[in-house]
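Me: I'd like to go through the terms used for this fold, one by one. Could you set each against its definition?

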Amino acid sequence: MRIGSHVSMSGGLLGAAEEAYSYGANTFMIYTGAPQNTIRKPIESLKISEAYMFMKEHDISDIVVHAPYIINLASFKPTTFNLATTFLAKEIERTKAVGSNYLVLHPGSYTEKNLDYGIARIAEGLNEVLTSDLELFICLETMAGKGSEVGKTFEELASIIEKVKYNEKIGICFDTCHTHDAGYDIANDLDGVINNFDKIVGVNKLKVFHLNGSLNPNGARKDRHANIGADQNNPKGKDYLGKDALLRVAHHSIVGEKPLILETPWLDATTNLYKQEMEMIRNGI
């Protein structure tokens with residue numbers, strides 16, 4: 001099992017790897033800079049070679065990069081769309097530089113337009129940045145369905161993919177909280193959901209999993225992550241998905257050795273449960 005969490009890049013890639021190791025992880029996910037802006041450190045300052053020496057020593061591999069939230073390929077506004085494509089192209093280069101095969105991307109929100117427009121616009125943006133020789137996957141994330149975001153159904157994701165010229169470069173990041181909040185019953189019918197995904201998108205597209213509980217009931221379309229199996233006494237709230245459901249996901253044959261990334265809440269500014277949650281998931285308890 002390749003399991004890890006989101007970790008900080010404040011100490012470069014080496015610092016990220018060291019933080020992941022402190023949680024008992026053997027993979028991890030990073031943003032190459034703050035997810036809310038375009039400010040990025042020079043690649044030369046990220047301590048990449050030192051990080052890979054440390055990762056080899058400690059059996060850490062198959063790391064994941066998450067694109068920043070400011071990338072909105074569904075936008076009808078030229079300035080927003082152009083920023084999205086330009087910055088996505090730069091993030092692809094940074095993902096290659098840090099040695100990751102996966103760049104996770106929120107598809108985008110169509111705001112004042114409609115779903116069909118959003119789908120077409122996202123495909124247009126992807127067609128601007130994807131090339132036939134790209135050696136990594138842009139992994140569209142399954143979304144919860146809040147507001148006008150695209151990607152809440154498997155059909156929406158499939159529709160984007162079929163409009164992309166080099167769609168063999170497109171993968172999917174399956175987020176358990178988002179999928180649950182979008183209305184898929186992964187708690188009671190995981191195999192049914194996976195079979196449905198296979199018919200519509202194809203399980204060969206599954207590259208990364210985000211393993212998160214949900215603070216809301218099935219179909220709420222809220223996107224609020226919960227600690228795995230948390231009850232109502234948890235400071236951040238109860239997990240409506242439940243530990244058993246997430247264990248079934250983590251140990252399902254469809255996951256295998258694909259990266260499993262926790263994005264569960266920190267209890268306060270200094271306390272997170274990543275280490276405990278990883279042990280629980282890894283050991284199936």
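**Strands, crossovers and a covered helix**

Reply: Gladly! S4 and S5 run parallel and are joined by 4 bridges. The model is predicted, so local features need pLDDT of at least 70 and side-chain atom pairs pLDDT 80 or more, while totals for chains, interfaces and linings use all residues. Residues are numbered from 1 along each chain as its sequence is written, and side-chain values use heavy atoms, with hydrogens and water left out.

Me: What makes S4 and S5 a pair?

Reply: Two strands pair if DSSP finds at least two bridges between them; S4 and S5 have 4, so they pair. Leu103 stands opposite Ile138 in S5. Strands here are DSSP runs of E, at least two residues, and helices are runs of H or I, at least four, numbered from the N terminus.

Me: Why is the crossover from S4 through H4 to S5 called right-handed?

Reply: The term applies because, with the strands pointing away from the viewer, the path from the first strand over the helix to the second runs clockwise. The β-α-β crossover from S4 through H4 to S5 is right-handed.

Me: Which residues show that both faces of S4 are covered?

Reply: Tyr102 and Val104 on one side, and Leu103 and Leu105 on the other, are all buried, meaning under 20% relative accessible area (1.4 Å probe, protein chains only).

Me: What makes H5 mostly covered?

Reply: Of the 9 residues in H5 (154-162), 7 are buried, among them Phe154, Leu157 and Ile161. Their cover includes H4, S5 and S6, judged by contact, which means heavy atoms within 4.5 Å.

Definitions and conventions: Buried means under 20% relative accessible area, exposed over 50%, partly exposed in between (1.4 Å probe, protein chains only).
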